[in-house]
Amino acid sequence: MMKKIALIPFILSMAFASQSQAALTDGVYETTVNGHNAPMTVKVTIKDHKIAAIDTSKNLESFGVGKVALDKTAAAILKDQTIGVDNITGASLSSLALKSAVRTCLQKAGATDQELKNYTRKVSHISSTPVEYKADVAIIGGGGTGLAAAVSALENGAKKVVILEKLGYLGGSTNVSGGALNAVDDKRQKAQGIDDSVQKFYEATMKGGHNVGNPELVKYLTENACPTVEWMEKEGVVFRDKIGAATGSLGQRSHYGKKPAGYAYTSVFENKLKEYGDRVVVLTETPASKLIMDKSGRVIGVSGLHAGKQPVTVMAPSVILATGGFGANVKFRQEVNTGVWKEVTLDNRIGTTNINKAAQGDGLKLAKSAHADIIGLSDIQLHPNGTPGTGLMQDIATSGRNRLFINKNGDRFVSESAARDTLCKAIFKQPDGTYWLLMNKLRYPDENKPDRMGVTMKDMLALGRVKKADTLDEMAKLINVPADHLKAAVAEYNKAASNKGTKDKFGFVATNTDDAPMTEGPWYACLKVPTVHHTMGGVRIDTLARALDKDGKPVPGLYAAGEVTGGIHGANRLGGNAIADVFTFGRQAGASAAQQK
């Protein structure tokens, strides 16, 4: 009997050891899952029966967003040997996709049900003990505006800066923007034969905004955009020499970084902050919940909650709101939609180009609590470059020239150089409220060369949303439109593109140095829809980026910049003016806050 008792635990231990060793077989396992943007291949290396490496290099996730989430999630899985780690806020789909892929690879490696339970156990390293920081400047929001403000504040005398960012990474929606930055730049524009001036830029911005923008703010933006470009270059941003024209820019003055999209800017500023060491504290996964005010009404700090668990307080004599807009807050945007788009129901059938978690309008609530004035909330902008079903700006971009808007009858229906609200209103009048964006090899001479968003035409074709044809007759069949209509539409455009300065029947006139006839295949087409892109209303500010109350007086200690503010863009924002706004006023907000102007 004693032998049996002694033998049973021995047999069980051997069985478990055998089961454990047999379960995870060393090797490299691979699977493909759907990421946020496209299918991605994940390789998991098992060594010594543990997860030793995770390779996510074959992905098309967004720079600064999905790619960051993959890196952070993979690192957490490796550290804790479980896929029960937290998702990265603002990129949860990328996180979930990776965790699903790792789970599949574990199963391929022979993981038992019991081991899978262990590899999916929940872990958290977040303390619930409250923490308090003291700083010269506290910044709520770590997107493009917040990053610019932080660097500027440090350069203008701030000894300590704390950034509270509710997403799991820095850069916000600026990361996934097209990256166009409008500025009158004699050095680059004159080299291309572009005739421009600050006055022309000012007039275009006022006119594009239906002449309801604040002239002082517009003047400040247009005069300081080029100095901002020079400042960004000093910080390390590398711009392309060629000046383009963003969709609805009303002029050829759009700058683009050499790196993809808005990541060309955010990546540089994020790295710049690292040079300041412990003078900068970055708190991701930390939404701000309350502005702290003294008895006189001065803003003296901010409180929030890190990872839903740890209370955070930042005491600072200057607080900057850099929280972005409210384009993803469907309920709120419908409540205030009494302006340009009052005839359109902006419900969840219309997506947004912004990161949903970011664009909720949180900063407006904070500003109101400090008695700041909120203006222009009905000024909402739609963009014509949305992907059907999501509203994200994917695949071929509408920015630039030599691309046609073709309806389901195969006809052009608007001047492709019009302002964004004009373009979108025209689209809504077309069959099914959609259109085909058509272009040819003029825009994509090399299918293997990454475009401004860092994606190749070869990648886009593989995803299936972009159609390719050698001739217009073949394209007409692919997109199911009459071939004679499609060829007539292209011929009509080509005539205008050849007759520089002569308007066609839609008002299109070839004034851009890139305008050229579209004649040779291959041809490319992609279905597009309008999508909520920018909210022009927000906190009332002055040219020092000080938040103002209803009487036009500064709210002591409170500053604001970027899409959380109102008054700059009027009722319609020019394409390329948002990034100019983000970095021009972000820079000013940082300087003003550091110097307590």
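**View 1. A three-strand open sheet, ordered S14-S20-S23 with mixed pairing.** At the edges sit strand S14 (374–375) and strand S23 (565–566), each pairing on one side only. Strand S20 (residues 538–540) runs parallel to S23, joined by two bridges. Look for Arg540, which stands opposite Gly566 in S23. Pairing here takes at least two DSSP bridges between two strands; strands are DSSP E runs of at least two residues, helices are H or I runs of at least four, and both are numbered from the N terminus. This is a predicted model, so local features need pLDDT of at least 70 and side-chain atom pairs count only at pLDDT 80 or more, while totals for chains, interfaces and linings use all residues. Residues are numbered from 1 along each chain as its sequence is written, and side-chain values use heavy atoms, with hydrogens and water left out.

**View 2. The largest nonpolar core, with 89 residues.** A nonpolar core is a set of buried Ala, Val, Leu, Ile, Met, Phe, Trp, Tyr and Cys residues joined through side-chain atoms within 4.5 Å. Val539 and Leu558 have the most contacts inside this core, and H8 gives the most to it, with eight residues. Leaving aside residues up to four places away in sequence, Leu558 touches Leu291, Val299, Val319, Leu321, Ala370, Ala372, Arg546 and Ala547; contact means heavy atoms within 4.5 Å. There's also a second, separate core of 38 residues, and Met475, Ala476, Ala510 and Trp523 are among them.

**View 3. A cis peptide bond from Gly521 to Pro522.** Omega is near 5° for this bond. Pro522 is in the loop between helix H15 (483–498) and strand S19 (523–535).

**View 4. His210, a residue other than glycine with positive phi.** The phi value of His210 is near 60°. You'll find His210 in the loop between helix H7 (198–208) and helix H8 (215–235). His210 is partly exposed, at 36% relative accessible area; buried is under 20%, exposed is over 50% and partly exposed lies in between, using a 1.4 Å probe and protein chains only.

**View 5. Gln596, with phi near 50°.** That is a positive value in a residue other than glycine. Gln596 belongs to the segment after helix H16 (577–595) and is partly exposed, with a relative accessible area of 44%.

**View 6. Residues 35–109, listed by UniProt as "domain: FMN-binding" in an unreviewed entry.** UniProt positions follow the numbering used here, feature names are shortened, and annotations may be inferred rather than shown by experiment. Over residues 35–109 the chain is 43% helix and 24% strand, with the end C-alpha atoms 22 Å apart.
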